[in-house]
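Work through the exercises below with the sequence and the coordinates at hand. Each task is followed by a solution in steps.

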Amino acid sequence: MTADPDPAAVFACAVSLRDACMEREKRSPGLNLSEAYNGYDELLREVMRIGSLFEEWACGHVVFEVCGEVWPYFMEDRFGDACMEVLAPDELAGFDSDDCLRVAMELRVPLRVDGELPVPFMVEVDHPAEDSGFRRLRIETRRERLDEEREMVPYRNGDEPFDEELGPVCFGIDGVGPDGTLHHIADRLTYRDARELLVALVPGIELPEEAVSETWRRKD
């Protein structure tokens, strides 16, 4: 289910981003936002454009029902600083839909893992059989390194989602031994396929039917 864009959230994003840019201008003697945007009116148009773009994007990808935040207030408090982690204050004209995902990952909001975007995900649950060699079972997003080694590496929050040196996201299935060692079982292209395989292999296993990104586990 997707939501409709909230004008209050758009305004909150724009205000937060404007304030973050102005704060960085104060701390950077060589930065002049008026010159960078041919006047502050153009800067205001850019922050409104970005606020509208991000809110529309969020309505299609953020799982608001598990977010636990009053969305416009949260955007006003965090959005600008998250944007500054993704691009410089004089680079707003280049902000696009790929940057929406980067900012969402900085904000650590819950995102749908539906195959539309390279969203990091990991779930680990107890093995239902006490006599199993695996204590727990894990499904985790991974990507292949496109170099000579062709190694599969975990894809987690904080990683660059559009890294050209890595292949498409897949879902690795592992058993976790008593000492914490991971034992690879299989890879699947979607969470749904990975879940179906584990449910078939391990009767009684409890896995969420729908995948929500690990990004919502905020550090603070």
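**Exercise 1. Cysteines**

Determine how far the sulfur of Cys67 is from the closest cysteine sulfur, and decide what this implies for a bond.

Solution. The model is predicted. Step one: the closest cysteine sulfur to that of Cys67 belongs to Cys13, at 12 Å. Step two: a disulfide requires two cysteine sulfur atoms within 2.5 Å. Step three: Cys67 and Cys13 are therefore too far apart for a bond.

With a relative accessible area of 0%, Cys100 is buried. Step four: by the distance rule, the disulfide count comes to zero.

**Exercise 2. Positive phi angles**

Find where Arg108 and Arg150 are placed, and classify each as buried, partly exposed or exposed.

Solution. Step one, Arg108: its phi is positive, about 55°, although the residue is not a glycine. Arg108 sits in the loop that runs between helix H5 (97–107) and strand E1 (122–126). The cut-off for buried is under 20% relative accessible area. Arg108 has 18% relative accessibility, so it counts as buried.

Step two, Arg150: here phi is about 50°, again positive in a residue that is not a glycine. The loop holding Arg150 lies between strand E2 (136–144) and strand E3 (152–154). Its relative accessibility is 44%, and Arg150 therefore counts as partly exposed.

**Exercise 3. Order of elements**

State how many helices and strands the chain has, and in what order they come.

Solution. Step one: the count is six helices and five strands. Step two: read from the N terminus, the order is α-α-α-α-α-β-β-β-β-β-α.

**Exercise 4. The chain as a whole**

Describe the extent, burial, contacts, surface and charges of the chain.

Solution. Step one, extent: along the principal axes, the C-alpha atoms fill a box of roughly 70 × 40 × 25 Å. Step two, burial: 44% of the 220 residues count as buried. Step three, contacts: taking those between residues at least 6 apart in sequence, 62% join residues at least 24 apart. Step four, surface: the accessible area is about 12,100 Å², and carbon and sulfur atoms account for 48% of it. Step five, charges: the chain has 24 positive and 50 negative charges, and their mean positions are 3 Å apart.

Methods
Residues numbered from 1 in each chain as written. Predicted model: local features only at pLDDT ≥ 70, side-chain atom pairs only at ≥ 80, totals over all residues. Heavy atoms only, no water. Helix = DSSP H or I, 4+ residues; strand = E, 2+ residues; numbered from the N terminus. Buried < 20%, exposed > 50% of the residue type's maximum accessible area, 1.4 Å probe, protein only. Contact = heavy atoms within 4.5 Å. Areas by Shrake-Rupley, 256 points an atom, 1.4 Å probe, with all protein chains shown as cover. Lys, Arg positive; Asp, Glu negative; His and termini not counted. Charge placed at Lys NZ, Arg CZ, Asp CG, Glu CD.
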